[in-house]
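User: I have a model open and want to go through it with you. Can we take it piece by piece?
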Amino acid sequence: MMSFSVERMVDSLFGLFEVFNPIVEPYRRFHEKLPPKIQQTITAFLFILPFGILYAIFTVLPIFQTFYISLHKWEIMGTNIRYIGLKNFERLLTRDTQFHQAFEQTILFVALTIPIIFVGLFFALMLNRPIKGIGIFRTIFYLPNIIAVTVIGLIWSRVFASSGRGLINAFLEQFNAGPIPFLDQGDLATLVVSFTTLWWTVGFSMLIFLAGLQDISQALYDAAKVDGANRWQQFRHITIPGLRRPFAFLCILQVIASFQIFGQVDVMTGGGPAGNTRTIVYNIFETSFLYFQVGYGTAMAVIMFAVLLAISLFQLALFRDQGIGS
Amino acid sequence: MTVVGADLKRKRELLERRRASLYVLAVGLFALLWMLPVVWTVVTSFRPETALQRNLASLIPYPFTTENWSFILKSSQLWKWLGNSVFVSTTHTLAQLTVCALAAYAFARLDFYFKRPLYILVLTGLMVPFEATFLPVYLLFSNLKLHNTLIALILPGIASSFAVFLLTQFFRGIPLELEEAAMMDGAGRFRIFLIIIIPLSTPVITALAIFTFLGNWNSYLWPIISATSSDVYTIVIGLRKLNQAWGDVNFYGRDMAAAIFTALPIIIFFFVFQRRIISGIAINSGIK
């Protein structure tokens, strides 16, 4: 039934193209005389063509351009472009304390968001029970993950706002306590942004762990029970090893994602207070679109790309060694 | 079994059921606490500004008002941005699936020159973060004077390495015999692609479509630099700009209503596709 209607639709679609037959027919006769592999090469290239064009324009060429632009003093309006060799990198690596601070801040965010994986594991263990109605909680904990960063950031910056205009401080005010300067103090702001990230994304780790838990064979637990293993021993020797794959997967993904933190910072703190939550991507954004120094911005992007590439390659090597991942 | 034994068993079952419901109750309370900011956001959107000035930290929507909501729902701007988001994400998703499925078919089924190097070139894209390419792409759109158009929001990311990879893997698993039979009937490659491969791949295509749609809908970095005029904001960017314009103090309730307005379409989308989203996560993470 299904394929029948699809076929009909395709037939009528092909019917539209019959007007081209006078051109297509002579070519088809020529095509059929070619060796099979050449025939398939032509067909394959036609199939790949739309992808290839877009991939070349939006991925392949821009990578080379990024490297090229990073060797220039290049202003966004395109009026002042000058080749300066590796000067951008020299300045970035040796003198630019703001970039160093942003880099450190990014590493700090990476470190502070790693616990998301463990909280995700905790949620997964909490919900991995055959109790009726427990499925609804999976939905609840996962739901924030699909909401846009502007909504999440707005809600949590209102919860943590430093004056009485924030939920927590308004609450404390009733007891004549506070206010706590959540977003006005560098370390606190970093924690607030990290916590928001946790709340936003923990559902993803939870679902990956839940899938992993379901892959562990029940027979292993049954056998362990027969051998008299208690719950902790079962957890330690069956559950933990069984979750190695999702764990490695989530670690890499979390590190890469946290390296690219931008939205939360832009919405919640604008990089502040005093540049304390400015991340690498935020720094690139500021340099390029506030100060219009695209050349300098791309140089930062190159460094970031190198770091992320190293992480990805490390991931590949790790997965190959341990046979985890696909 | 004796009567006493049966009685004991029933007792134990009852006890177990009671423990289970206590457990669900505990988890439920925790979930409520976890979602408290959301509850507060919803309640706040129904409270008048004067009450919010007096006390922000309340979960009781009294005095009650729909003023914030009627303001938001009457705002033509927000509806326009919502329309932009729907159009951009739908077009982007359809284009990505079409373009990537075509390429994936070639990689999965055809034997051609340069196949391996080309496939490796495509997979290399998996390791390229958006930050490594977005500045030149930004300059390209500047030169073409395409910023502040919906096209600029649709085009980047259509050629997704991940989509090609995922679809190629899936297409490879479709039995060859089906194709051979169709070929005997004189069907060409493109015809086979349309009448055999695509219909048989609906599960993976749906999963991919859902996550592409969500990803594009929620994207932030690209639209915030490309779309700087209010006509072409997506709803996600629009909310950010409203929030900046209204400031922290003046329109608290309205801001909260706007936030919910922004989140609601995606929440509805989520509940419609819930099953596929939950099961699709494993597919899309490449872990299964």
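User: What radius of gyration does chain B have, next to a compact globule of 288 residues?
Analyst: Chain B has 26 Å, whereas a compact globule of 288 residues would be near 19 Å. The radius is taken over C-alpha atoms, and the globule rule is 2.2 Å times the number of residues to the power 0.38. This is a predicted model: local features need pLDDT of at least 70, side-chain atom pairs count only at pLDDT 80 or more, and totals for chains, interfaces and linings use all residues. Residues are numbered from 1 along each chain as its sequence is written, while chains are lettered from A and ligands numbered from 1 in the order in which they are written.

User: What does the C-alpha trace of chain B span along its principal axes?
Analyst: About 80 × 70 × 35 Å.

User: How many helices and strands in chain B?
Analyst: Chain B has 16 helices and zero strands. Both are DSSP runs numbered from the N terminus: helices are H or I with at least four residues, strands E with at least two.

User: How is chain B divided into domains?
Analyst: Domain 1 covers 3–68 and domain 2 covers 69–284; the bounds come from an automatic or database domain assignment. Their C-alpha centres lie 36 Å apart.

User: And how many residues of each are in contact?
Analyst: 11 residues of domain 1 of chain B are in contact with 11 residues of domain 2 of chain B. Contact is C-beta atoms, placed from the backbone, within 7 Å.

User: Which element gives the largest share of the domain 1 side?
Analyst: α2(B), with four residues. By class, that side of domain 1 of chain B has three nonpolar, five polar and three charged residues. Ala, Val, Leu, Ile, Met, Phe, Trp, Tyr, Cys and Pro count as nonpolar, Asp, Glu, Lys and Arg as charged, and the others, Gly among them, as polar.

User: Switching to chain A. How many of its residues are in contact with chain B?
Analyst: 71 residues of chain A are in contact with 67 residues of chain B. Helix α3 (residues 36–69) of chain A gives the most to the chain A side, with 18 residues. That side divides into 49 nonpolar, 18 polar and four charged.

User: Last one, B:G280. Where does it lie?
Analyst: B:G280 is in helix α16 (residues 274–284) of chain B. Leaving out residues up to four places away in sequence, B:G280 touches B:A207, B:I210 and B:F211.

User: Why does B:G280 count as partly exposed?
Analyst: Because B:G280 has 19 C-beta neighbours inside 10 Å. Buried takes 20 or more other C-beta atoms within 10 Å, exposed 12 or fewer, and partly exposed is in between, with C-beta atoms placed from the backbone.

Technical notes. Contact = placed C-beta atoms within 7 Å.
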